[in-house]
Amino acid sequence: MTSVEEERPRALLAGASRRWVRMLPWAVAFVLCVALMPTTIVVLTADYGLNGGLASGLAVAQAAPLLLAVVRPLHAWYVVFAADVAGALALLTVDFQERLLWPFPPMELVGYVGLCLALGLRERRRTLVLVWLATAAANVGLVFVPPHGTGAKDLLLTILGGVALLLGGALRERYEVQRRLVEQETISEAERGRRTLLEERARIARELHDVVAHHMSVITVQADTAEYRLAALPPDVRQEFTSIAATARESLGEMRRLLGVLRNEEAHGELVPQPGLAQIGQLVEATARTGAPVDFTPCAASGGVEVPEAVGLSAYRIVQEALANVVRHAPGARTQVSLSVSDPAGDGGDGGGARLAVLVVNEPPPEPPAGPLEVGGTGHGLVGMRERVRLVGGTLDVGPLPDGGFRVAAQLPLTEEDIT
């Protein structure tokens, strides 16, 4: 069923978005058919003196296929072309005035030009060339047997048909180029988004590697030095510490090998310790030195809740990217950065359900920016924020404010059972 539907021909301009454009070819074909059919009969009988029955048959064969041309213009051309040539030969059997056009009367020229335009809009360049060559060959062949002498007007069908084919082909190829450009832009935009997402994930993976590597190194050192720090360790306990150290070193080496493919020559700053909540104040001060008024409200841990390094790193990057966006898109806008830790859920005060709230809100800029002010790369905007929040199982709410400002709000879980 699918293959049959795919092979079914589509009408001219069937892909247009507006209904009246889709109906336009049918309306033009109907008007031509209704207008040319009786006109052809009258002209062939009254002016050229052709038999009424023969004139009616030629009129139907020359005009009716124009309706078919909306869907199958090449099939319609076969019928109309044969009928036009047959009509030219039939006119050789009658005596008509020299002033009348031959071999193709005016109504035949109008129908044929409209048909050639439909062909140009549908068929490939090679087919259009063959159609024009067939038209020229038939036209030139008929010129050799003129009833009243030859002239330039005898080649009107070849000239006008060629112009219509050329015009229709040019319009079709222009449409195809535009359609392919739109498709390519859509594909490029999707690939650009996918590449941005992958780059940000790789960046997050590299940073997490630095965080986890620190803890793995501490485990290795503690396990290796346990027999020296703790007196009279039983042999089985000493062996257990040795196994822990070996496993930690193996895991650390494996992680470094896997993450090594994500590092590149441009990642110079990744050898330094990764930032966290303690460095957000420095980040705000650095932004304020650029001339952007920034108010910072640090958090005071509630109930002794500790912020995991991965969560602190994500909070730092979110604030960093949000401030960079303010500098880019709203230079000079007053910005409020606040961090807060929610009270731990539960009566026992065990810290379950505690979350770190990161809020960055900026007012509209004092003056509309002339253009985006590019600064050093700090990530990939909202894509990076969403990936970092998703990494720790939090939520992110971003969007413009009614007054023209912008708001970035993230909720990051602080308990191990909530962090994913």
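In this predicted model, helix 10 spans residues 280-288, and its buried residues are Ile 280, Gly 281, Leu 283, Val 284 and Thr 287. These residues lie on the same side of helix 10, because the arc that they cover around the axis is only 160 degrees. Among the elements that cover them are strand 1 (294-297), helix 11 (309-329) and strand 2 (335-341).

Which residues are in contact with Met 216, leaving aside its neighbours within four places in sequence? They are Ala 248, Ser 251 and Leu 252. Of these, Leu 252 is 36 residues from Met 216 along the chain, yet the C-alpha atoms of Met 216 and Leu 252 are separated by 6.5 Å.

The aromatic side chains provide the last topic. Rings count as a pair if their centres lie within 6.5 Å, and by this rule there are three aromatic pairs. In one of them, the ring centres of Trp 77 and Phe 81 are 4.8 Å apart and the planes meet at 15 degrees, so this pair is stacked. Both residues belong to helix 5 (residues 73-91), where they are four residues apart, about one turn of the helix. Trp 77 and Phe 81 are both buried. Ring pairs also bring in Tyr 78, which is linked with Trp 77 and Phe 81 into a cluster.

Technical notes:
Residues numbered from 1 in each chain as written. Predicted model: local features only at pLDDT ≥ 70, side-chain atom pairs only at ≥ 80, totals over all residues. Heavy atoms only, no water. Phe/Tyr/Trp six-rings, centres within 6.5 Å; stacked < 30°, edge-to-face > 60°. Helix = DSSP H or I, 4+ residues; strand = E, 2+ residues; numbered from the N terminus. Buried < 20%, exposed > 50% of the residue type's maximum accessible area, 1.4 Å probe, protein only. Contact = heavy atoms within 4.5 Å. Arc of directions from axis to C-beta.
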